[in-house]
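My notebook on this protein is open again.

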Amino acid sequence: MTAQIARPRAPLPQRDQPTTASLGYPEVVSAFSEIALAINEKTDLDALLHLVAERICSLLAIRRCSVYLKSSVTGVYRGQVAHADNDIDLAIKRLTVGIEADGFTREILETRKPVLIVNAQSDPRPVRSAMLAFNVRTMLGVPMMLRGEVIGLLFLDNEDQPHDYTPEQQELSQTFANLAAIAISQAQLTADLRTTLSTAAQQNAMLRRAAALEDRLTNLVLEGADLSQIAAAVTELTGKPCAIHDAHYRRLAHASPGGDAAVPRVFEPAALEDPAVREALTGLTARRPSVIPASSVAGIRQRCLVALVRVGKDDWGYLVLAEYRSRFGAQDAIVARRTATIIALELSGKRRAAEADSHAVEVLVRDLLHGSDEAGSLARRADYHGLALSEPQHVVLLCPRGTGKARWASSARIAALLADAAPQLRAFVAEIDDDAAIIIERPQAESTHDADQAVKAIVEEVVNALAPDGSITAAISAVCESATDYPTAHEQTRQVSRGIDTFGAPGRVHVLATVDLGAGRLLLSAASRNEADRFVRDTLGALLDDDDAHVQDLFTTLQAFFDCSRSVRRSAAALGVHENTIRYRLSRIEELTGLDIVGDADVQLAVQLALLILRLEDRLSVSPGDDVVASTNTG
């Protein structure tokens, strides 16, 4: 209800006033009719009370009336308005009646009838200070009764002039007061109804706006909007700067109205140290945003509204609005909360889709390696996931070493490392038993050798990131170019892995390709360590004598010869010696061991296999693919 400042009101002209001798109920009804009409004209309560006071003053031909109403909350009678020769509304509004010292009002409330005080200056019942302050001589107090309850009080006086309130006048004043009580109650009820209707209308309008906002945000997400577009839409809807942060407080997107407003800086280091900011963030829930106050110390120049983005049970991040041009309202909170919810739903959907896609990829990889689906079906499924079976691919098997087969890395972790090591290549990862199988595109290179080395370099980077202590080994298959190649490739990697597990030196990262072993992988996967060592001694014999420098040079030359694909010229270049020196040393090896390295293919296979075993056991100074260290001895 709106309060109006009362203006001084004079009594009605004398021609409209009935004399006290002729005063009766018709005059009371006539005086009340204007009050009843005011209710229908949507008059506010103060104006209605002024009219009540003015009409009863006119009815009794007196100069002053003050109106008090009972508070529905405290039960105290508080001053509301007054009709007098001058404006005393503010003074009356500061007063309450019915206190312990106010015997006058207490008598009215007890008797529920009008009470007359002939000499207010000397009568002990009223509060003497109030009577003196308002210069009251004679006063009539009248209760306003409604359904047996005193809802208000009228105090009538003629200021410093005496007035004779006859019993008839007192009775008529009570009748008028009771009619006024009905009017006041009706006005209060009407005002409450209007307030309720206004509140309902505001709520309906807010709900309509909220529905429109949600439609806008939902359509934005359905259209594939990114976080920057969502932040821009929130700024457009609220007119306030918006920022979206992840769970680590990193800002992912922001927008400002017209580009002229500061970006919210709630998550700057200085702000995060502020106790008020920490308290607000601690109290955040998915349903209730928090308002963080401005703080010059924390560097927060305006209040900020923070909404939590929660995906499942995880706190994914935060949406922040900064107060700008206007204070936060209900609509801002609705937009922040609904946007956070929509972001969470979108992220949750993407997470489920990613998990489903990841599962489908794992199933495809397993079916390819096990050959557990027909070729046409495998080709269709591979096409759907972007795996080109007709293009050259490699199978890589990562295996934990030893008997403890605990889960050592997730598919997602391995896929992320592969994406970092070779972002240009597509790779598909699946967990198979305790191992991890990878299908990776073969890199393009100038030669087959370069492509093989590129694959090994990528896999070595991943294995070193996963287990630099050598607790994970890697085996790389030959090239696969059709669906039928993958089971064979898988078996190749298993054979290589068994060979590494048997012969590989502990504490060293082992990444070995099928091409490195050739046919030797079949022997190594089936042989025991003792059998292999015996084979090496039988094959290389005296060349294993580490104490003789001349023999060491011969062994280094033998190793370089096979590392350089049995090329004398390339071996000489690698060791920095003349080609004839290589030929001389090879002849010396034949004299010493009987091995025809140059002309006997069986000898060549046996020596290659012996050297491979030595490499796996880390008994060579040179590893496959490394540059050969040149010998200074030309023997």
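I started with the second largest pocket, which is lined by 17 residues, with Val361, Ala415, Ala427, Phe428 and Val429 nearest its centre. A pocket here is an open set of points on a 1 Å grid over the protein atoms alone, with protein on both sides within 12 Å along at least five of seven lines, and lining residues have an atom within 4 Å of a point. I noted that this is a predicted model, where local features need pLDDT of at least 70, side-chain atom pairs count only at pLDDT 80 or more, and totals for chains, interfaces and linings use all residues. Residues are numbered from 1 along each chain as its sequence is written, and side-chain values use heavy atoms, with hydrogens and water left out.

The volume of the second largest pocket is about 400 Å³, taken as the space filled by probe spheres set on the points, with grid points joined across faces, edges and corners. Which elements supply at least two residues each of its lining? I found α10 (330-370), α12 (411-421) and β13 (427-432), and α12 gives the largest share, five residues. Helices (H or I, at least four residues) and strands (E, at least two) are DSSP runs, numbered from the N terminus. By class the lining has eleven nonpolar, three polar and three charged residues. The classes are Ala, Val, Leu, Ile, Met, Phe, Trp, Tyr, Cys and Pro as nonpolar, Asp, Glu, Lys and Arg as charged, and the others, Gly among them, as polar.

Ala427 sits in strand β13 and is partly exposed, with a relative accessible area of 30%. The cut-offs are under 20% relative accessible area for buried, over 50% for exposed, and partly exposed in between (1.4 Å probe, protein chains only). Leaving out neighbours within four places in sequence, Ala427 is in contact with Leu418, Ile438, Ile439 and Ile440; contact means heavy atoms within 4.5 Å. C-alpha to C-alpha, Ala427 and Ile438 are 6.7 Å apart, at eleven residues apart in sequence.

A cavity is a set of points where a 1.4 Å probe fits but cannot get out, and I count four cavities of 30 Å³ or more. About 50 Å³ lies in the second largest cavity. What lines the second largest cavity? I listed His394, Arg442, Asp452, Val455, Lys456, Ile476, Ser477, Ala478, Ala513 and Val515, which split into five nonpolar, two polar and three charged residues. Helix α13 (residues 448-466) gives the most to this lining, with three residues.

His394 has Ile440 as its bridge partner in β14. β12 also pairs antiparallel with β15, over five bridges, and there Leu398 stands opposite Ala474.

I then looked at Pro468, in the loop between α13 and β15 (472-476). Is Pro468 buried or exposed? Pro468 counts as exposed because its relative accessibility is 58%. Pro468 touches Val463 and Val509, not counting residues up to four places away in sequence. Gly507 is 39 residues from Pro468 in sequence, yet their C-alphas are 8.4 Å apart.

Ser295 is another loop residue, between β9 (290-292) and β10 (304-311). At 15% relative accessibility Ser295 counts as buried. Ser295 touches Asp274 and Ile300, with residues up to four places away in sequence not counted.

Last, I traced an open sheet of six strands in the order β3-β2-β1-β6-β5-β4, with antiparallel pairing. β3 (96-97) and β4 (115-117) are at the edges with a single partner strand each, so one side of each is left without a neighbour in the sheet. Two bridges join β2 (residues 77-83) to β3, and Tyr77 has Val97 as its bridge partner in β3.

For the overall tally I wrote down 21 helices and 16 strands, with buried residues making up 46% of the 635 residues.

Methods: Two strands pair if DSSP finds at least two bridges between them.
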